[in-house]
Structure formats: structure tokens, C-alpha cells
Amino acid sequence: MVSEKDVEHIGELADIGIDAAELATFTGQFNAIVEYFDVLDKVHGDDAGARDRYNILREDEAEPSLPREVALQNAGAQEDGFIKAPRVM
Amino acid sequence: MTGPEPETQVVVGLEVHCQLDTKSKLFCSCSTDYRNDGPNTHVCPICLGLPGTMPMVNKKVIEYAMKVAKALNCEIAEESEFARKNYFYPDLNKAYQITQYDKPLALGGYVEIEGDDGKERKIQLTRIHVEEDPGRLVYMGNAERGRYSLVDYNRAGIPLIEIVSEPEMRSPKEARKFLNKLRATLEYLGVFDSDKEGSLRVDANISIKGSERVEVKNITSYKGVEKALTFEVTRQKNLLRRGLKVDRETRHYLEARGITQSARSKEMENDYRYFPEPDLRPLRVKSWVKDIALPELPDARRERFVAQYGCSLNHARTLTGELKTANFFEAVVAKNKDSCTLAATWIADTLTGELNYRDMGIDGVDPVKFAGLIALLKAGTITDKSGVEVLRAMLDEQHKGETVETPQAIVKRLNLGKTAGDDGAIHAAIKEAISENPKAIEDYRAGKKGAMNFLVGQVMKKTRGRADPGELNKLMETALKSLE
Amino acid sequence: MSALRFEPDDKYNAFLTVCKAPEGGNGKLSGIPVAVKDNISTQGIETTCASKILKGYIPPYDAHAVELVKAAGAAIAGKTNMDEFGMGTSTENSAFGPTLNPRDTGRVPGGSSGGSAAAVASGMVRMALGTDTGGSIRCPASFCGIVGLKPTYGRVSRYGLIAYANSLETIGPMAANVLDVSLLMSVIAGHDRHDATSQDRPYSHTPSADIKGTRIGIPQEYFGAGVDPAVAAVVKKAIGRLEELGAVTVPCSIPSMEYALAAYYVICTSEASSNLARFDGVRYGPAVEIKKSWHAAFQDARREGFGPEVRRRIMLGTFALSSGYYGKYYAKAQIARENIRKDFARLFADVDVLCGPTMPTIAFKLGEKSDPLSMYLSDILTVPVNLAGIPAISVPCGTVQDMPVGLQIMGRPFEDERVIDVAYAYEQGGQP
């Protein structure tokens, strides 16, 4: 069982901004889905990731970067070529 | 029982992040040469983390990291892979850092240092892994006008290796030696440029045996490590002395103030939700190790300096501690084959001190001109004291960006040529010294040994150090005897 | 280069952006308008993934597949509607309103590439690019009565595809018929130096309707519980037609399908929780409020910018990766995935392709599936293909209640050609 408190914690971890009003609905849906996931308890087998391709690499060659105005064309507030962001406490 | 009391035993482990000196970034083709350019000028859709972009690993980064691993005696993993470390920060372009987690490139290895007890010790390494540097944040504003930050992604995606040591260093000083040795090794390998600002950053964990471990983050220079750790040792010892306990926590080093400060407890709860990077494929590069050629490394060069040039072990250690110093020494002795020990002393002791005093690097010093100075000293043309004066003049000229004169020209200009016995100037100076210091003459007559040294010193002053000390002693003795 | 006129009467909300005068060029696709799903980056054309969080975002680069389509002379006709970030099976989860099924506007077109499917099915464009993470090309192809190919993982570059679940998804062609799907596939397949998971396996195939001797496996799970018997009957009849055309059918089973859907949802939500964290309003998207503290601003941006299904999946993935649960969910899902791969490999040692329905039902009514889990369950027949990375195509094979039913043909890795051939054979000779 996933509790509302668990969902709140996950919301915090995901930085998703869960409202108190949504919490009950989310928790209900969450439990139904997670209960469905429990079928995975039946899974047995070797470690996964038997992948067949290795060492996909590129050569160390520098290519031109974007002009700054293009690089920043989608950014919000700017100052002296920097992008403005909220303060980090 | 000998040795330190248990409660004062310090245990230090380091996580060292070094930028690798490749042409392009780790996952994209942007140039790494961003330091002289404005913010956000070395960015592309990939290192900006624009939606839809994908990483592609720079082969040279893997080769450089393996070179380091081989030099530090690590084992290259049969298979390694990249993973995502998820956390939110404005300078983290994708909201995850691509790093290596449970499958690092290299495991084990060691760095040999001279321990505090004077014995060589091997500090074991846990692992070396490859990861990308985040961007850079600049904090702006103030409490009244509102705080915000400015983000520059030029640094985002610069290749880093993280070298993790076991907690085996026993003092801040050993930590410094570990770092110096590591830095020298990386430089010798030609994969790292320590002159670049922020190219080496350190997180340290430190504990007093039997107490909780404290992690000190954000040490951005190798010089800061000893200071930060020394502060922590004192802080932790004080807590224990007062009967308090040391909390297990993360602290930030504030370079400007030389102190550490507790970080928010939220950082302790970080759950990075690592998982393998689905856009990349694993590495299987162990077989490459045999083809990696290593250059002569600091330990080997140190031993060669002792054997080939007759350097003392201490001088050899200092000279080989930085690649540039070692190269400078060899360039100087190439010109002065028979004055190796003189050159070693002058570089390891005098030049290093004068450069530190001026906060200058050895880069700009011309080995040919410096070799000229050694030649003058060797020939006895100038005294050691004058030698220092010549060197200072050369460094000051260089510091001011002026043309650096040859040592010969400086000697001539400042009239520093060593005075000989028949030089009128020295006789005149002796005469003056005797007539100006009747008290000293009295003391001399009274048999006080110091009086003679005092008078010699006076003559040295008057001749501005040009007099050969041995010769001057003889002349002074003769002069004093003739007074009787 | 010449500009086309493209002014469709979009009654179905298939397009989020219409390019009214797209440039065409010379090549295999000369002058053909091609619609592009809105999670595929198009230089200079707004690309939103049908999410408010990317409103106004104009990529400064083209996805590799878009570059190739343009280089072949096609005209980018516009960007098509979808479930936000590809998360859905109905195209109802779009921040810009649902797309309607052209066959019955009271029903969904399927998803998440519902806009691309509707644009093709209604004849507004001849072909479209979709993306398929767990059935997102095949489901809407089935629901709208068109052809959609989910290529082998690695055959078409994902560079520029805005990632939802990197290890599962691929770009693929959608069109009204198999030849056009094959034609578009021949343009977009091939190696890309920007995508480390792409492989040098170009596609230059001329479809052949000769399937004599082709061995077709019929997995019992594709006709079991949860599959509408009417749909199953139509598909069985279609398979019977393939037998008449010379194919040999072999009954078989995929035991790992028991947990395929759970494994799929654990993996896709885990990857999504990481992929979607970058939408913070700093570098692009509606600008973040810089006066707030970082975490407050970030949470606000995500609460307002993401729809409920996206937030739910981010939460699920965060949970599946969080410390203490990683082993129970993510690690187990990877093992399940490996078992599914092995099941397919075992079957493909004996048969050339596998056939079954694409979807367990016909297109549902708008608003019919309001419970998330019931919507997830409708992906049961499409997700195994994504977990295994194999190619699969959906081709129309009849109707139930006048709504199209899709026949799904799954093949060995890099045998996209073979699934195309079987689909082509059915398309050419399907009606006796």
C-alpha cells in the first residue's frame, strides 16, 4: 500500500508540485497501478542488459557552436549573455 | 603504546574532479576553449540540453581517462557504462548529470606520497570514472533588490574524471601531498592543464577516528584543500574536546573566508535515482590498455634527477613536483652541464620562492637567461647575494611586462660584479667601516668574536653584496690586525 | 525549392501547427506534404509535444529524420497533435484539445500519434511521421484505418525526437497504404552519427506480395482475455487470407506477456521521470518566475505546465527509481524485458513473423477510458514489440461496428522488409 504520505514524498522528490486537493485521487490511482506492477514479483531470470553493441564513440573534433542569439532564442530573461534563473537557496 | 592518541587520529578521503584537456566536449563537438569568451558562446543544442538531443561519447576522453587509470595502477573494468544522476539545478542542462555509477571505467590503483612520518606510502584509490561538468551559476542581487542567478552553459559538458581515494590520508598535509602528486601525474600525462581556473575541484571527507564523517564540498583549488581540512580538524577536535559530538553532515568550503559551513540538511536526503543512460552503449575497452603508452612519470623522473644530475632527493622532489619546473630544470642544465647541483639549488629553493612571492608561474621565465645567471654564479663573477638581486631584477621586469635583460647586462647596469682583493672600493669600504664604528673596534680588541662579523656586514652593505665573503673576511682581519 | 499551398480543412484537430506555404524540393518525396508529429524537432517551427510546458518553443535544429525528409524533397506540412509527450493511447491527453477520429468523430483516433493518423486518414496529407514508444504509431493506424510501421529500434535515428522513453521509442512512417509507408521508410532509415543507438541499416526495399512459404506464428496471448472477440474474429479471418496466399501458420505462445505491460510501464515512466525534468523554463518554454526560489519556481512551472497523465507518469517513474524500490521495479522490469526478448528470439527461430490484432478493441469513444489503468491495459498487444526492439506494422484488415481493425505483423530485428511484405501481400490480396 502506498500512503498519501508516500505520494507526498514522491511528489517532493519529483519536484512536481502536488496540491493537497489532488493527493487523495493521486494516491488511489497510484495504488491501483502499483498493485498491477506487483506482477513483476513473479519475474525470474538473469541480469538484464545483455546488450550487443559497445564502444559507440566519436572522434575528438571541435565544430562551431551556435551563435549566442540562436542559443538563447528560446530563453526567457537574459542579462549580459547569461540566462536569468531563480535564486538557489 | 606509541603514536598519536586514538581521538586525534585524522582520516581523510578525497574525491578529485579534473577537467580533461580535450579539444571538444564530452558529449558534443563544442570547443572546450571557453575561458576567454563570453557566457553561452560555446554551446549547441546538445550541451544546452535542448529537447530531442542525444549524447555521443568523445573517444579521446575515454583514452585520456584510461591513460590516467594506467598511470595510477588501476584496473580497467571489463565493462563500464554511463548512468544518469538525477537532480534539479539551473546549471544542470538536462536535470541529470551523465556520470558513471555502479560500473565505473576503472577500479583500484594507488598514489604514492611521502607520508607525515617521512616514509613512502601508497594511498589506495577506490575508482576512477568519467562524467560531464555542469554549467556555471553566478549569484546576483541582494536581500533588498531580490536575488537571482545567472547561468552560463559554456562549461556544461566539459569532460571530467573523478578520482576517488580510500580514506587513507592521515592529515591535511598528506591530503595536500596526495593532490600535488596527482596533479603532477595528470600534467605529465598531458591530459590536464592545472593553470586553467577551476580545472581541479575537490570534495573531501574527513573524520576523527571513532567519530562521524563530514563531507566538505566545493573546494575549488588544490591549495584550498589543506586549508579547508585544517579548519575541519580544528573544528572537530574542538567539538570533541568540549564533549560534543561531530554530526554526520555535508559542509561547504567558503574559500574567501577559509571556513566550512554546514549545508542544508535537504542535501543529505538526496535520492539521485541513478539508472543506466539509455541513449548510450556500454564501454568494453579493457583491451586498449596495452596500447596506451605512458610518458616518464614524476617518480621516475625524480629518481632520474638524482641519478643523472646528482640532485638531492628533496631538490629532485621539488623539481619534479610540477611538469613545468622539471622541464625548466632540464632546459637550464642542458646549457650548464657541469653545474647541475647549483642549478637544482637555485631553481628548487631560490627561484621557486621568488616566483611564489610574486605569484608568478615558471612559464615565462627564460631558461636560457636563467642558465646565464647560473653560469655567472658558477664562474664566481658574482656572489650568491648579487645572484638573488639579478634574479629579482629579471623577474620584476618580466612581471611588469618589460623586456627582460640578460643577467650579464643587469650585472653591468647595477655594477654587481664581484669585488676582488685589489679593488679600491672594498679597501675604502673597510676603512670607512672601521672609522665609523669605534665601539665595534673596542669590542674586537676586547676579544668579542661578533664584532668582526658586524664589521664585515657593514662592508657588505656598503658594497651592496658584491664582495666575496671569504675574501672580505681575510681583508678585514688584516685591516684590524694592522690597527694594533 | 518551391512553395506549396497547404490549407487543409482540419475538422479533427489533427494539426497543432499548419505550415501554409511549405517549401518542397527535388527527390523521392518531391512536393509531397508530410505531416510531422509534434514531438519531433523542426527547425523554425514550434514544437510543443502537445504540452503547455513547451508552448512557444522553436527548435534551432531539425531532427535527423526531418532533415532526411526535407532532403528528399518533401514539404513539412505541419505539426500534428498527440498525447502530451506521447503519454496516452487516445490523443485525448493533449494540452490543445483531443484529435477526433475521421471515421467517427465521437471516437478517439488512438494515440499517441493520433494527429498524424487522422491527418492521413482524412486525406489531408499523403504521409506522416509518427513515433512509437508502446504502440503510438500502430494503435492510431489501427483505429483510423491506415498503415503504420514501428521500425526496428536503431533503424531510424531518434536524434531530435523529444524523448519520452529512450530505450523503447522510435520514429516511423504512417500512410494510407503499404507502398507509401515503405517509401517514407526508405527516406528516414539509416545511420546517424548523433544517435549512439542508431545502426547502419538503411532500407531500400521494393515491397513484394509473394509470401508463399512464409511461416507465421500466431501467439495465443493475442487472442486471449481482454481481446474483443469481434476484433479477434476479423483478425483471424485476415490470417486465414494470408494462408490462402501461401503462408503457413503455426500456433505459439509468449509466456512473458504476462508481465510485459507492467515491465513496459515501469521502464517508460522511469525514463520519462528523468527525461521530463529538464523542462524548467530556463533555456526554453514559458519562462520561469525568477523572483521565486528555485524549487518553488520549478514546482510551479511543472504543476502548471504538465497535464495530469504526464504528472502521474513522472510520479510513477520517480517512485520506481527511488531508493528502496529500484530493485523491486526498475531492475525487475529489465529482467522481464530480457525474458521477452528471449521469448521472441525463440519464436523467430521457427517462424518468420508473428501475427495478431494491433489493438484489443476498436477505437474507444471520447472520454470512455477515464481510469488510467484501464487505458494502460489497452496497450497490451503493442508494448511487447517495443520491449524487444523488433519491427511491427499495423495494416487495416476489416471492420467491427464500421470501425477499422488493424492486423499487426511483427518480425525479427532488422527484418522491417519482411513485415512490410506480409502487410503488402495482405493489402493487395486481402479481399477475396
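Reader: What makes domain 1 and domain 2 of chain B count as being in contact?

Author: Two residues are in contact if their C-beta atoms, placed from the backbone, lie within 7 Å. In this predicted model, seven residues of domain 1 of chain B meet that criterion with five residues of domain 2 of chain B. Helix 2 (residues 172–188) of chain B supplies the largest share of the domain 1 side, six residues. Helices (H or I, at least four residues) and strands (E, at least two) are DSSP runs, numbered from the N terminus.

Residues are numbered from 1 along each chain as its sequence is written, chains are lettered from A and ligands numbered from 1 in the order in which they are written. Local features need pLDDT of at least 70, side-chain atom pairs count only at pLDDT 80 or more, and totals for chains, interfaces and linings use all residues.

Reader: Why are 6–291 and 298–413 of chain B called domains?

Author: Because domain bounds come from an automatic or database domain assignment. That divides chain B into domain 1 (6–291), domain 2 (298–413) and domain 3 (424–483). The centres of domains 1 and 2 of chain B, taken over C-alpha atoms, are 34 Å apart.
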